[in-house]
Amino acid sequence: PGGSVVFLPNVMVRGFTGEIDCLACYVSPSLSHAVVLHVYEFKRNANDISHGFVTKVQFLRFLTDTMTEDEAVERRNRFFPEGRFRGDVKFATTVKQGVQGEEMNVVFTPESFALLRPFSNVHFVPRFTIVTTAPRTLLGVPSGVLAGILDR
């Protein structure tokens with residue numbers, strides 16, 4: 001009760017390279033953290049989709065704590081000594097909402113990304129969409145595969 005859906009552009013996590021172009025989140029004063037409903041990646045060049053997919057899957061595996069031990073070792077740094085986003089680790093961003101542009105602090109914890117779990121198949125990530133407006137064919141994608149992508 002009393003919550004709302006907000007769209008947060010260009011979300012970055014300190015200590016992790018890269019950003020999420022847009023997060024759709026549910027925030028409420030009754031919750032200690034935001035709930036991520038959907039992740040969006042925007043690409044101007046349709047041929048960047050595969051690279052965007054791979055990098056976002058790596059980032060989402062970090063945020064959902066579904067990485068292998070080897071991947072976690074590679075992610076260790078002073079912000080994430082175990083190489084994992086878990087426990088009391090938090091990050092926050094501020095969003096302006098409403099007509100008056102009231103600022104609201106949005107806190108993310110590992111539980112914020114629970115709806116993105118589990119994904120063991122790297123070819124399907126729930127609640128993740130790549131958007132492109134490029135009005136041309138994707139290079140190297142057979143027409144049958146392209147028709148399947150466009151049909152979704």
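**Exercise 1. Determine which backbone atom the side chain of Asp 21 reaches, and whether Asp 21 is buried or exposed.**

*Solution.* Step 1: in this predicted model, the side chain of Asp 21 reaches the backbone nitrogen of Phe 42 at 2.8 Å. Local features require pLDDT of at least 70 and side-chain atom pairs pLDDT 80 or more, whereas totals for chains, interfaces and linings use all residues. Residues are numbered from 1 along each chain as its sequence is written, and side-chain values use heavy atoms, with hydrogens and water left out.

Step 2: Asp 21 lies in strand S2 (residues 19-27); strands are DSSP runs of E, at least two residues long, and helices are runs of H or I of at least four, both numbered from the N terminus.

Step 3: Asp 21 is buried and has no salt bridge. Buried means under 20% relative accessible area, exposed over 50%, and partly exposed in between (1.4 Å probe, protein chains only). A salt bridge places a side-chain nitrogen of Lys or Arg within 4 Å of a carboxyl oxygen of Asp or Glu. The nearest side chain of opposite charge, Lys 43, is 5.5 Å away.

Step 4: beyond residues up to four places away in sequence, Asp 21 touches Leu 8, Pro 9, Asn 10, Tyr 40, Glu 41 and Phe 42 (contact: heavy atoms within 4.5 Å).

**Exercise 2. Classify the aromatic pair of Phe 53 and Phe 128.**

*Solution.* Step 1: the structure holds seven aromatic pairs. Rings of Phe, Tyr and Trp (its six-membered ring) pair if their centres lie within 6.5 Å; planes under 30 degrees apart are stacked, over 60 edge-to-face, and the rest tilted.

Step 2: Phe 53 and Phe 128 are 6.0 Å apart centre to centre, with 35 degrees between the planes, and the pair is tilted.

Step 3: the pair links distant parts of the chain, 75 residues apart, with Phe 53 in helix H1 (residues 49-63) and Phe 128 in strand S6 (residues 128-132).

Step 4: Phe 53 is partly exposed at 22% relative accessible area, while Phe 128 is buried at 12%.

**Exercise 3. Identify which residues have the most contacts inside the largest nonpolar core.**

*Solution.* Step 1: a nonpolar core is a set of buried Ala, Val, Leu, Ile, Met, Phe, Trp, Tyr and Cys residues joined through side-chain atoms within 4.5 Å.

Step 2: the largest such core has 27 residues, and Leu 23, Leu 63 and Phe 108 have the most contacts inside it.

Step 3: H1 gives the largest share of this core, five residues.

Step 4: leaving aside neighbours within four places in sequence, the contacts of Leu 23 include Val 6, Val 36 and Phe 108.

How values were computed:
Lys, Arg positive; Asp, Glu negative; His and termini not counted. Polar contact = N/O pair within 3.5 Å; in protein donor to acceptor, adjacent residues only side chain to side chain.
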